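Please open the structure in your viewer and keep the selection tool at hand.

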Amino acid sequence: MGWSDCKVVCICGQQNNYLKRALELILQKNLFQFTGENYLQAHEKAMGTKMAVTIAKIFMGKVESQSLERSTKKTLAWKRYIDDIFSVWNINKGEATQFIKQANSHCPTIKFTAEVSDTETMFLDTKVYKG
């Protein structure tokens, strides 16, 4: 999702291109140092900035909403922490694979993966058991 895909930011009813430009600079022109060398991050968003987590949450919220809306199967539970998702479904493994394939069609740099189990799974370093 690039800034050209976003709606114009309005403050007090007026377009604010300064805010839009500031966000572009913060998220797309990230300088960092590694082993004494200076670099300019050229791909994707700058994850070291304070705003990056908020932008990631908003973006992933949109991707997950669209994925769930397009799915003919409905989840029993869906919980997300930034980009880690725990979900419970009453579907077979083939249908789960199809949902993951459909979810991965939204954005070429976001890839969903799944650990499908009938008895247990891991979520945020915690083992979750069925039953």
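**Before selecting.** This is a predicted model, in which local features need pLDDT of at least 70 and side-chain atom pairs count only at pLDDT 80 or more, while totals for chains, interfaces and linings use all residues. Residues are numbered from 1 along each chain as its sequence is written, and side-chain values use heavy atoms, with hydrogens and water left out.

**The whole chain.** Display the chain as a cartoon: its secondary structure comes to 3 helices and 8 strands. Helices (H or I, at least four residues) and strands (E, at least two) are DSSP runs, numbered from the N terminus. Along the sequence, their pattern is β-β-α-β-β-α-β-β-α-β-β. Of the 131 residues, 22% count as buried; buried means under 20% relative accessible area, exposed over 50%, and partly exposed in between, with a 1.4 Å probe and protein chains only.

**Helices H2 and H3.** Select residues 52-70, which form H2, and residues 93-103, which form H3. The two helices pack at an angle of about 130°, and their axes are 10 Å apart. Axes are lines fitted to C-alpha atoms, for helices over the stretch in contact, and angles run from 0 to 180 degrees between N-to-C directions. H2 and H3 are therefore oblique to each other. Angles under 35 degrees count as roughly parallel, over 145 as roughly antiparallel, 65 to 115 as roughly perpendicular and the rest as oblique.

Next, show the side chains where the helices meet: Gln-66, Ser-67, Leu-68 and Arg-70 in H2, with Phe-99, Gln-102 and Ala-103 in H3. Now select Gln-102 in helix H3. Is Gln-102 buried or exposed? At 17% relative accessibility, Gln-102 counts as buried. Setting aside residues up to four places away in sequence, Gln-102 touches Gln-66, Ser-67 and Arg-70; contact means heavy atoms within 4.5 Å.

**The largest nonpolar core.** Select Phe-59, Met-60, Val-63, Trp-78, Trp-89, Phe-99, Ile-100, Ala-103, Cys-107 and Phe-112, the 10 residues of this core. A nonpolar core is a set of buried Ala, Val, Leu, Ile, Met, Phe, Trp, Tyr and Cys residues joined through side-chain atoms within 4.5 Å. Centre the view on Phe-112: beyond its neighbours within four places in sequence, Phe-112 is in contact with Met-60, Val-63, Ile-85, Ile-100, Ala-103 and Asn-104.

**Last stop.** Select Ser-71, in the loop between H2 and strand S5 (77-81). At 10% relative accessibility, Ser-71 counts as buried. Not counting residues up to four places away in sequence, Ser-71 touches Trp-89 and Phe-99.
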